[in-house]
Amino acid sequence: KNDDSIPVGLQNHHGYDFDWVDEYGSFGLYDELNCYAHAREQYKRLYTADDWTSLWQTFQVSSLYPYPIPNPTKRPYHASYSKGRGRGNFASRNITKGELIYDGYINTAFFQEGESFKRFVALLSREAACDVLEWSFMQDLTNDGNAVLGLDMDGGALFNDGSPNQNMEYKKKSSLDKYASRDIVEGEEITEIYEDFPKSDFNL
């Protein structure tokens, strides 16, 4: 069992290097680490600011570029446990329809091709790798059919799929900004629709 006092990005490495991940792929790593069992756990770690920072630091190492680590941003929600879904985000106050809930550009890491993503997951612990493999998504940010692989490296990664009754939406498919699609009351889980994400054609 992981020691939750150690930031997730600093835990023991999962044991598979880049060459292995490059040969067998990210989904091969998902199988090898038994991430299916991790996904079914109801009470996984609720990431702290130190956990997110440690992930950003690992991303800096994998990308060979000193991307600035974002400062925590106050948001109208908090992470907790959602019955039957594991982690989720819940409204910390009443939110009005049309209100901006999540500005993803601040804390989203982008991968232009599969190799850079595999370099990143090859440096992580089992827990972090399983989380990252579940949280990553494809998004067409230029609206020209060329999607990039993104990863929200903050609490935005924890929004669950609530379709067909989701209460958060994109106003534009090419944007990472997410808005309340109806009034949301304090304590209610905030959910989106995963079908909005394009399918990946990366060599992952």
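**Figure 1. Accessible surface and overall dimensions of the protein chain.** The accessible surface of the protein chain amounts to about 10700 Å², and carbon and sulfur atoms contribute 48% of it. The model shown is predicted. Its secondary structure consists of 5 helices and 10 strands. Along the principal axes, the C-alpha trace of the protein chain extends over about 50 × 40 × 30 Å. The radius of gyration is 17 Å, which agrees with the value near 17 Å that a compact globule of 204 residues would have. Of the 204 residues, 49% are buried. Among contacts in the protein chain with a separation of 6 or more, 73% are between residues 24 or more positions apart.

**Figure 2. Packing of helix α4 against helix α5.** Helix α4 comprises residues 114-121 and helix α5 comprises residues 126-135; their axes lie 10 Å apart and form an angle of about 150 degrees. Because angles over 145 degrees count as roughly antiparallel, α4 is described as roughly antiparallel to α5. On the α4 side, the contact is formed by Phe117, Phe120 and Val121, which meet Ala129, Val132 and Leu133 of α5. The residues of this contact comprise 6 nonpolar, no polar and no charged.

**Figure 3. The cis peptide bond between serine 163 and proline 164.** Serine 163 and proline 164 are joined by a cis peptide bond, with omega at about 5 degrees. Most peptide bonds, by contrast, are trans. Proline 164 belongs to the loop that connects β7 (160-161) with β8 (168-170).

**Figure 4. Asparagine 34 in the loop between α1 and α2.** The loop that holds asparagine 34 runs between α1 (18-32) and α2 (35-40). Asparagine 34 has a phi near 55 degrees, a positive value in a residue other than glycine. Most residues other than glycine have a negative phi. The relative accessible area of asparagine 34 is 40%, so this residue is classed as partly exposed, the range between 20% and 50%.

**Figure 5. Glutamine 11 in the segment before α1.** Glutamine 11 is located in the segment that precedes α1. Its relative accessibility is 10%, and glutamine 11 therefore counts as buried, the cut-off being under 20%.

Notes. Residues are numbered from 1 along each chain as its sequence is written. This is a predicted model: local features need pLDDT of at least 70, side-chain atom pairs count only at pLDDT 80 or more; totals for chains, interfaces and linings use all residues. Side-chain values use heavy atoms; hydrogens and water are left out. Axes are lines fitted to C-alpha atoms, for helices over the stretch in contact, and angles run from 0 to 180 degrees between N-to-C directions. Helices (H or I, at least four residues) and strands (E, at least two) are DSSP runs, numbered from the N terminus. Angles under 35 degrees count as roughly parallel, over 145 as roughly antiparallel, 65 to 115 as roughly perpendicular and the rest as oblique. Contact means heavy atoms within 4.5 Å. Ala, Val, Leu, Ile, Met, Phe, Trp, Tyr, Cys and Pro count as nonpolar, Asp, Glu, Lys and Arg as charged, and the others, Gly among them, as polar. The radius of gyration is taken over C-alpha atoms; the globule rule is 2.2 Å times the number of residues to the power 0.38. Buried means under 20% relative accessible area, exposed over 50%, partly exposed in between (1.4 Å probe, protein chains only). Accessible areas come from the Shrake-Rupley method with a 1.4 Å probe; for residues, only the protein chains shown count as cover.
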